Amino acid sequence: AGDTLRKRVIKRLEFAAKQASASSTQLIAAAQGAASSNRNPTSQQQLTAHGKAVSDSVGALVQSIRQSMAHPDSAAAQLSLINASQQLIQPASRLIAASKAAVPTVGDQAAALQLGNFAKATAQSLAELRSAANKALEACGSLELDSAADTIRKLIHDVDECMIIARDNQLMSLPGETLETASLELGATTKTVGSSMAQLLTAASQGNE
């Protein structure tokens, strides 16, 4: 039942994230369209700056949506989707506020109307995104634990493969690989294991509380 609920809330979040991404992108375009007739240069500068921040967040969110849809059983992909959704909310809220404030200073009536309408639409989709992200976070409370466990399982699998190759005396250096680069990679992998173990222990202790 828990797994069914998790999948349902993640599907809802994926849909809400798509809607918020689309409306945010339309609002950015409307803000750009208002530039030529905006009588307040400071207002337009704010729109441009907030639009850039939203564009960056949308890009990350779209990538997270794709990963979540491609890997529906991946706790890491679901956790990434929740985080990316939450990270869109603040910059998008700032763009909405700046857009609403700019409407009276946009001389082109059609551009002003479009800016105002897309600001309202984005505010609605953002409210739905916030709600869906919160519901997903509540339903997927063990995602950090699952994500860390997934990472550790993958690392164990990789180590097992290396052990088999080493046993068969088939270990070979990669083109351009040196002892130094191999040592650096081993160090990075060790840090990943340590980080995942720490994440696993933290999530486990929080779950016990």
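Author: Let us begin with a term: a polar contact is a pair of N or O atoms within 3.5 Å, where, within protein, one must be able to donate a hydrogen and the other to accept it. The model here is a predicted one, and at the start of helix 4 a side-chain oxygen of aspartate 108 reaches to within 3.0 Å of the backbone nitrogen of alanine 110.

Reader: What is the span of helix 4, and what is expected for it?

Author: Helix 4, which runs over residues 109-139 and has 31 residues, reaches 45 Å from its first C-alpha to its last, and this is close to the 45 Å expected at 1.5 Å a residue.

Reader: Why are helix 3 and helix 4 called roughly antiparallel?

Author: The two helices pack at an angle of about 155°, with their axes 9 Å apart; angles over 145 degrees count as roughly antiparallel, and helix 3 and helix 4 are therefore described in that way. The contact is made by residues including Ile82, Ile89 and Ile96 of helix 3 and Leu115, Leu126 and Ala133 of helix 4. Among the buried residues of helix 4 are Leu115, Leu126 and Ala133.

Reader: Why does leucine 81 count as buried?

Author: Leucine 81, whose place is in helix 3, has a relative accessibility of 0%, and buried means under 20%, so leucine 81 counts as buried. Leaving aside residues up to four places away in sequence, leucine 81 touches Ile10, Leu13 and Ile65, among others. Isoleucine 65 is 16 residues from leucine 81 in sequence, and the two are 6.2 Å apart in space, C-alpha to C-alpha.

Note on methods:
Residues are numbered from 1 along each chain as its sequence is written. This is a predicted model: local features need pLDDT of at least 70, side-chain atom pairs count only at pLDDT 80 or more; totals for chains, interfaces and linings use all residues. Side-chain values use heavy atoms; hydrogens and water are left out. Helices (H or I, at least four residues) and strands (E, at least two) are DSSP runs, numbered from the N terminus. The expected span of a helix is 1.5 Å times one less than its number of residues. Buried means under 20% relative accessible area, exposed over 50%, partly exposed in between (1.4 Å probe, protein chains only). Contact means heavy atoms within 4.5 Å. Axes are lines fitted to C-alpha atoms, for helices over the stretch in contact, and angles run from 0 to 180 degrees between N-to-C directions. Angles under 35 degrees count as roughly parallel, over 145 as roughly antiparallel, 65 to 115 as roughly perpendicular and the rest as oblique.
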